[in-house]
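Reader: I have just opened this one for the first time. Could you walk me through it?

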Amino acid sequence: MYARVPLLESPVFQLELGRVDTSVRAAHALLYATADEFWAACVNEPASAVPLAPRLSAALAWVTENASGVVETCYRAGGASSLKEGSSLQRRFRDIYTFRQHAAAAEGWFGQAGASLLEQPTGFWT
């Protein structure tokens, strides 16, 4: 409403768009690389899949954190229109933050992955 230039021409928006695009691509790459590694272990040597579980869980938690940051950036960029009941940004904002509350995306999975890297008991997986 009070912008001096259209969003399309805004250097701040361009910077944030570049940042979130990079974040989305990094999350996508991590998720697929980790899933491919886990799948290969399951197919080729099922017993080797169990030790990968903490890393897989940590990857999911990181991707979820990253995705919520991307959605939040988009939500802020949308300005007041993001607040409207029918706004797709408002819906996605609620959805990603709802999923962040799920146990599968909990921050604690990073601790499990760290313990695994240190060859310490991981709790859930050992």
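Reader: Which residues make the nonpolar surface patch?
Author: In this predicted model, L30, W62 and F110 together make a nonpolar surface patch of about 230 Å².

Reader: Where does L30 lie, and is it buried, partly exposed or exposed?
Author: L30 belongs to helix α1, and its relative accessible area is 33%, so it is classed as partly exposed, which falls between the limits of 20% and 50%.

Reader: Staying with that helix, what span should α1 have, and how far apart are its end C-alpha atoms?
Author: Helix α1 runs over residues 11-44, which makes 34 residues, and at 1.5 Å a residue it should span 50 Å; the C-alpha atoms at its ends are 49 Å apart, so the two values agree.

Reader: Which of its residues are buried, and what do they pack against?
Author: The buried residues of α1 are V20, S23, A27, T34 and A41, and the buried residues of this helix pack against α2, which covers residues 53-77.

Reader: Now over to α2. What about T64, is it buried or exposed?
Author: T64, which is part of helix α2, has a relative accessible area of 4%, and because buried means under 20%, T64 counts as buried.

Reader: And what does T64 touch?
Author: Leaving aside residues up to four places away in sequence, T64 touches I96, F99, R100 and A105.

Reader: Changing topic, how many aromatic pairs does the structure hold?
Author: The structure holds two aromatic pairs. Y75 and F93 form a stacked one, with 4.3 Å from centre to centre and 25° between the planes. This pair links distant parts of the chain, since Y75 is in helix α2 and F93 is in helix α3 (residues 88-99), 18 residues apart.

Reader: How accessible are Y75 and F93?
Author: Y75 has a relative accessible area of 17%, so it falls under the 20% limit and is buried, whereas F93, at 24% relative accessibility, counts as partly exposed.

Reader: What is the geometry of the pair that F93 and Y97 form?
Author: F93 and Y97 form a tilted pair, with 4.9 Å from centre to centre and 40° between the planes. Both of these residues lie in helix α3, four residues apart, which is about one turn of the helix. Y97 has a relative accessibility of 25%, so Y97 counts as partly exposed.

Reader: Which residues do the ring pairs link into a cluster?
Author: The ring pairs link Y75, F93 and Y97 into a cluster.

Note on methods. Residues numbered from 1 in each chain as written. Predicted model: local features only at pLDDT ≥ 70, side-chain atom pairs only at ≥ 80, totals over all residues. Heavy atoms only, no water. Helix = DSSP H or I, 4+ residues; strand = E, 2+ residues; numbered from the N terminus. Expected span 1.5 Å × (residues − 1). Buried < 20%, exposed > 50% of the residue type's maximum accessible area, 1.4 Å probe, protein only. Contact = heavy atoms within 4.5 Å. Patch = residues over 30% accessible without salt bridge, like charges linked within 9 Å, V, L, I, M, F, W, Y side chains within 5 Å. Areas by Shrake-Rupley, 256 points an atom, 1.4 Å probe, with all protein chains shown as cover. Salt bridge = Lys/Arg side-chain N within 4 Å of Asp/Glu carboxyl O. Phe/Tyr/Trp six-rings, centres within 6.5 Å; stacked < 30°, edge-to-face > 60°.
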